[in-house]
Amino acid sequence: MNRANLEQIFGRYVKRFPELNTGGHDEVYKWEIAAQFRPMIDRALAADDTSFPKRLVDVVQLTKQTIDNRYELSFYALSDYAKREPTAVRQALRDLLEPDGGDLQVRNHRFTGFLNFCQTMHEKYYRDRWRYQAGIRLPMMITGFYDPEHYYLYKALQAKRFADCVEFYDNWGSGTQMDLQVYHRMCDELVKAIRDCPALLETNRGRADYARGPIHPDEALHLLAFDIIYCCSVYGLFDGIHYTMRNGQERKAYLAKIDAARAAAEERAKAEEQVARLEHAEEFFEERLSAGSPIAHRSFGVGRVIGRPGKYLIEVEFPEKSRSVTLVWRDCIKSGIISLKTGVDKGEYDELSALLSRADRIRQEAAAAEEKLAAYAEYL
């Protein structure tokens, strides 16, 4: 996401917060709906076949112009199907609202099953009324109001325009086909940015002052994320913010660079891990080559370290030598010329000495990975 654009949006949202929640706008209604939606749905599902359709109509009225609009009346259509086939509609809703533990693949399957059911009902009763046809918005809005802590609300136009403004170019699909993982990733990134903005969090805490009744606490900030996405379009929060509208080919090229940037970041992380292991290996041997430590030399036999004249240098006395010998300990260990005489696990010793033998290559690869990542810095 373009954090600079996002910060401008946050600043405008905070500045216009009183306006957004008073004067007939009253965007706090989303939190008010969420506070009532689950209890009302649960009572409807628990009702008999006679009362169920009436209770479902009450829920539709609660969400008027929020789930449905003048172009789509799919939630109203569902309440109408309930009058005709209450048992089937009740079961379809129960299946839709079944907990999934956050597994988006399972959720996607449930949403598809629910939409298939709605399509069957539509073809059976209202084939010619296109406004009664359900899209992905219907199950996302129902679940988003029923359980805002684990679901995100969704309106296609507002979400698309927000994604363009913050330069989130991954494609989550449309209509009845949607990749929930992509949309959730955008929303998750938005929530993370919200949590990093104290002014926005403080402003949001005052929302109850504008409410006419109980509001949902929104601990996960999913309602706030949707409200920001929605208000950007409806109230022009991104007017004047510079951003690029990309066509399909440009999006594809941009996403390819994002993928390359992520791959480069992973490559650097692996290189950094290798450098950290190498540094651990060097520390391991340095600690065991302090003054007084015994070592074994391939030609000179057993000797004792008497000094460290340099980072990779040790001065060693050997009984068979009249003078002390200065050795480059790292090179000697790599080539097997010297070995430690203190008690060391052989497996660990072999692993760490092998790292020393690749020291130059490890550092070269780390530098190359850093340089490669720098080329993609703007796409991270």
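Tutor: Helices (H or I, at least four residues) and strands (E, at least two) are DSSP runs, numbered from the N terminus. Arg90 lies in one of them, helix H6 (residues 86-96). This is a predicted model, where local features need pLDDT of at least 70 and side-chain atom pairs pLDDT 80 or more, while totals for chains, interfaces and linings use all residues. Residues are numbered from 1 along each chain as its sequence is written, and side-chain values use heavy atoms, without hydrogens or water.

Start with Arg90. Its relative accessible area is 8%. Arg90 therefore counts as buried (under 20%; exposed is over 50%, partly exposed in between; 1.4 Å probe, protein chains only). Leave out residues up to four places away in sequence, and Arg90 touches Leu45, Ala47, Asp48, Asp49 and Phe52. Contact here means heavy atoms within 4.5 Å.

Leu45 belongs to H3 and Phe52 to H4. H3 spans residues 29-46 and H4 spans residues 51-62. Their axes (lines fitted to C-alpha atoms over the stretch in contact) are 9 Å apart, at an angle of about 170 degrees. H3 is therefore roughly antiparallel to H4 (over 145 degrees).

Now the residues between them. H3 supplies Ile33, Gln36, Phe37, Met40, Ile41, Arg43, Ala44 and Leu45. H4 answers with Phe52, Arg55, Leu56, Asp58, Val59 and Leu62. By class, this contact has ten nonpolar, one polar and three charged residues.

Ile142 sits in the largest nonpolar core, which has 85 residues. Such a core is a set of buried Ala, Val, Leu, Ile, Met, Phe, Trp, Tyr and Cys residues joined through side-chain atoms within 4.5 Å. Ile142 and Tyr183 touch the most other members.

H7 (residues 104-125) and H10 (residues 180-195) have axes 9 Å apart, at about 120 degrees. H7 is therefore oblique to H10. Leu104, Gln105, Arg107, Asn108 and Phe111 in H7 meet Leu180, Gln181 and His184 in H10.

Note on methods: Axes are lines fitted to C-alpha atoms, for helices over the stretch in contact, and angles run from 0 to 180 degrees between N-to-C directions. Angles under 35 degrees count as roughly parallel, over 145 as roughly antiparallel, 65 to 115 as roughly perpendicular and the rest as oblique. Ala, Val, Leu, Ile, Met, Phe, Trp, Tyr, Cys and Pro count as nonpolar, Asp, Glu, Lys and Arg as charged, and the others, Gly among them, as polar.
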